Amino acid sequence: MEDELRCPTCKQLYANPVLLPCFHALCLGCALDIQTPYTPGVALAVAGGSGASANGGHNGLHGQVNGGPGSVSGGGAASGVANGAGPGTRHSSHSSAASTASSNTGSESVTSDQDQSDKVSIFSEADSGVVCCSNTSRPVSYAGTGQLQGLLQGSVVAPPGAAYCLTCPLCRKLVFFDDGGVRNLPTYRAMEAIVDRFCAREALRCQMCETDPKVASLICEQCEIRYCEPCRELCHPARGPLAKHTLVKPRGAPQQRESVCGEHEETLSQYCLNCKIPACGQCIGEQRHQAHEVQSINVTCKAQKTELSHNLQQLSEKARSTTEFIQRLKGMSDKVTESCMEFERLVHAQCEALIQAIHDRREYLLEAIRMDKDTKIRILKDQQSNCTGKLQQTTGLIQFCIEALKETDSAAFLQVGSMLINRVANTDMTWHQEVTNAAPRVSPIVDLTLDDAALARAIDNLNFIQMKAPLTPSILPTDCSAENNSVTVAWQPPAHCTVEGYVLELDDGSGGEFREVYCGKETICTVDGLHFNSMYNARVKAFNSAGEGEYSALIGLQTAEVAWFTFDPVLSGGTGSGLIFSKNNATVSVEGWEHRVALGSVGFSRGVHYWEFTIDNYTADTDPAFGVARIDVARNKMLGKDEKSFAMYIDRQRSWFQHNSIHERRVEGGITTGSTIGVLLDLERHTLSFLVNEMPQGSVAFRDLYGVFYPAVSINRGVTLTMHTAMDAPKMDYF
């Protein structure tokens, strides 16, 4: 964080910091050093970009600020500008005298946040790099048409009344001032408070620690020595003469003073959302804030602190992951060395087994490996250095923002709250590109194999082949799912290796042997037609021409306990079947008098399943049939007329069970419009039963059912019914 507390000009901790309109800070003395007198009517060249460098400021200005492509210059200025202090000097005598004069002259100092904010306004904040400040009010700060025209032509004419100008040493934006100069800039109170706290913490270190002094927890009033807890127990035990000494906690940083309106000497309690400045109660009642949206200063401060805290939390998580990533990079350097050393031994052993002609080639191969190792280590070190620099910069910003959040003075915090929020948000956005998606630029494994099977005449061209059996794919649990009797498995390709395809295997849902269900190049696969209420284990491996890799870790996927399905128009015969489906294929009817079979979209071979049909329309003297069928059932016959179906057909008075054109066991009780037919398929006991209006229709209709069965119904004209699925099976009293 200390880098955030140092002035970009003098490189020292901020002393009397002031806030530029671009939200960068300077010591007041440094600002006085680098401000330049401006001669009215003289055009200044506009900086070409905010990132350009300049040599002006502290290089002995004589009427101009000399710079590079982004410099600002003006002619005709007086030559009596003080030379800026170097990094080793705090401020020049000019700045010291100016600072003293500023602190002793109340009329020249800025005492109100409201006045400070009113004295800063924007001339062209977008791309010009020019802003204007005045110790009067807003009219002088705004630019006229002529100034804007000059800006478009590559130069800037200062607004009326401009007496000084200053170029921000960081972003190269140009600021104009009237006769007050940089004293018009508002005091950077949040920075001032943070620097004070930082200095207080550094001053309250233990005086007895030999190395890396810890923060003192106690101070002896008699010895006048500060101790941390371990040193107190060691050097100042509470026994003997030392027991009478008085140990107290060290004094902390000075108390923060409350912000007061410089115009009315009243506490700043409100915040004008239109002007974006704090104000007292009397200011709010004045003409300039009428019809403005006003909010309690504490509420506004709390809202910005909450937003900043949220952004900091996200940025801290990314900084933590970057720290782990840097550790990985450090570890990979050792792996690169180890892998390369192992490969050297392998190459050496293979070359020793070849004839004398291979000896000349061996040194070349070993040198290639060493060069590859050096290149990879150099790349990893460069990437590690880049990530470390990004992390240090971000950590400094985080620590600075945390200190800013401790600011108890709402007005002081609001002075830079928006700027800090934007900095953190911008850092958070760029983090995704620079760090989050970062990966090691090289592999720690040498993906090379010495081809020692080549013929003797090819020894002169002996080289490496970049192929090894692929590594293990990683299954992505968040992308895997199970729906009904289908499972979807997704996996991530292994890194730094060549993959020609994948093999996906599933067990039988009961912990049995695995079988191959997919082989191809895709990294996601859906397997249909599985058993309901079963736990399937899946694994995947990669392969290439060099061989097969290891299997991935297993993932278990549970199919649905209760099936959800509808009618399947394709399985039911397609568009030529004469069936009419509606309500997302849950309802079926037919126009002709011939029976037509409609099949469900799911087949069952295991478990207990129950579904119902509601009779929406029953106007003709027909016999609809309900039951199950195999996939190759005859679609143009009543259900139960062939050996592929098992059904109950029913009219208004009674029902029969039918299979292979044999009907038997008549049961009294029929159907009307609104009736329900339930079908219970129990493949654990291999039975089929029926219910009419929630009551059993006879005993078990069929037994010894083995294989795959689809829900089925056959209807003709005058019948419309709707199928209901995903229902719990009723308890039956017979078997």
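Predicted model: local features only at pLDDT ≥ 70, side-chain atom pairs only at ≥ 80, totals over all residues.
**The chain overall**

- The protein chain has eleven helices and 39 strands; these are DSSP runs numbered from the N terminus, with helices being H or I of at least four residues and strands being E of at least two.
- Of the 735 residues in the protein chain, 46% are buried (buried means under 20% relative accessible area, exposed over 50%, and partly exposed in between, with a 1.4 Å probe and protein chains only).
- Taking contacts (heavy atoms within 4.5 Å) between residues at least 6 apart in sequence, 63% join residues at least 24 apart.
- The accessible surface of the protein chain is about 36400 Å², and carbon and sulfur atoms account for 49% of that; accessible areas come from the Shrake-Rupley method with a 1.4 Å probe, and for residues only the protein chains shown count as cover.

**Salt bridges**

- The whole structure holds 15 salt bridges, each defined as a side-chain nitrogen of Lys or Arg within 4 Å of a carboxyl oxygen of Asp or Glu.
- One of them joins aspartate 428 to lysine 318, with the closest N and O atoms 2.8 Å apart. Aspartate 428 sits in helix 11 (residues 410-436) and lysine 318 in helix 9 (residues 297-352), so this pair ties together parts that are 110 residues apart in sequence.
- Aspartate 428 is buried at 16% relative accessibility, whereas lysine 318 is partly exposed with a relative accessible area of 23%.
- Helix 9 also contains arginine 345 and glutamate 342, three residues apart and separated by about one helical turn; their side chains meet in a salt bridge at 2.3 Å, N to O.
- Both partners count as partly exposed: arginine 345 at 47% relative accessibility and glutamate 342 at 45%.
- Another salt bridge brings together the side chains of glutamate 505 and arginine 539 (2.9 Å, N to O). Glutamate 505 belongs to strand 21 (residues 501-506) and arginine 539 to strand 24 (residues 535-544), so parts 34 residues apart in sequence are tied together.
- Glutamate 505 is buried, its relative accessible area being 9%.

**Strand 8 and its partners**

- Two strands pair if DSSP finds at least two bridges between them.
- Strand 3 (residues 36-37) pairs with strand 8 (residues 164-167) in the antiparallel sense over two bridges, and proline 37 stands opposite tyrosine 164 in strand 8.
- Strand 8 is also joined to strand 9 (residues 174-177) by four bridges, again antiparallel; here leucine 166 stands opposite valine 175.
- The hairpin of strand 8 and strand 9 has six residues between the strands, and arginine 172 takes a positive phi near 65° in this hairpin.

- Three strands form an open sheet in the order 11-10-12, with antiparallel pairing. Strand 11 (225-227) and strand 12 (247-248) stand at the edges with a single partner strand each, so one side of each is left without a neighbour in the sheet.
- Strand 10 (residues 218-220) and strand 12 run antiparallel and are joined by two bridges.

Methods
Residues numbered from 1 in each chain as written. Heavy atoms only, no water.
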